[in-house]
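Start with one residue pair, then widen the view to the whole chain. Keep the structure at hand while reading.

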Amino acid sequence: MCNNKTKRAILTVGISCSGKTTWTNEFVHKATQRGESWAVVCRDDIREQMHIERKNQPFQWATWNWKWEKFVTLKQTEMIQRYAVDPTIDGVIISDTNLSLSTKQRLNQLLQSNNFTVDEKVFSISFFEACQ
């Protein structure tokens, strides 16, 4: 990495509908008001983009090709690496659902090797609460 400036990364962890996207949008808005620039890397957004590019239709789980997940991971990695060297970006939020231990470890290693300090924002609500 060319840039020696340490940047922040926040992993959001929680089930669907737990508030990750709402919190992320509010965080980025407040950061922007403070003069900070944060990027968001969201696997669902990557899937949506890939689905539109490959199938020319909005994303739906029913038509998602699970073989594409490796490409989602590659794109996520590429985005993190690009933001690491972008001097206009102060931090990155990794928005994902229910990160497994191995995925968290992979992301932590990737982020730290790209000069990010990593924090987790956990959204601890039950499935029942999320469904309400």
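In this predicted model, Ala39 stands opposite Val92 of strand E3. That pair belongs to a contact between two strands. E2 covers residues 38-42, and E3 covers residues 91-95. The two run parallel, joined by 5 bridges.

How many residues of E2 are buried? The count is 4 of the 5, so the strand is largely enclosed by the rest of the structure. Buried here means under 20% relative accessible area.

Now step back to the fold. The chain holds 5 helices and 4 strands. In sequence order they read β-α-β-α-α-β-α-β-α. The radius of gyration is 15 Å, close to the 14 Å that the globule rule gives for 132 residues, so the chain is as compact as a globular protein of that length. The C-alpha trace spans about 45 × 35 × 30 Å along its principal axes.

Contacts tell how the chain is tied together. Take those with a separation of 6 or more: 73% of them link residues 24 or more positions apart. The pairing of E2 with E3 joins residues 38-42 to residues 91-95.

The accessible surface is about 7,900 Å². Carbon and sulfur atoms contribute 52% of that area. As for charge, the chain carries 17 positive and 14 negative side chains. How far apart do the centres of the two sets lie? The separation is 4 Å.

Conventions. Residues are numbered from 1 along each chain as its sequence is written. This is a predicted model: local features need pLDDT of at least 70, side-chain atom pairs count only at pLDDT 80 or more; totals for chains, interfaces and linings use all residues. Side-chain values use heavy atoms; hydrogens and water are left out. The radius of gyration is taken over C-alpha atoms; the globule rule is 2.2 Å times the number of residues to the power 0.38. Contact means heavy atoms within 4.5 Å. Accessible areas come from the Shrake-Rupley method with a 1.4 Å probe; for residues, only the protein chains shown count as cover. Lys and Arg count as positive and Asp and Glu as negative; His and the chain ends are not counted. The place of a charge is taken as NZ of Lys, CZ of Arg, CG of Asp or CD of Glu. Buried means under 20% relative accessible area, exposed over 50%, partly exposed in between (1.4 Å probe, protein chains only). Two strands pair if DSSP finds at least two bridges between them.
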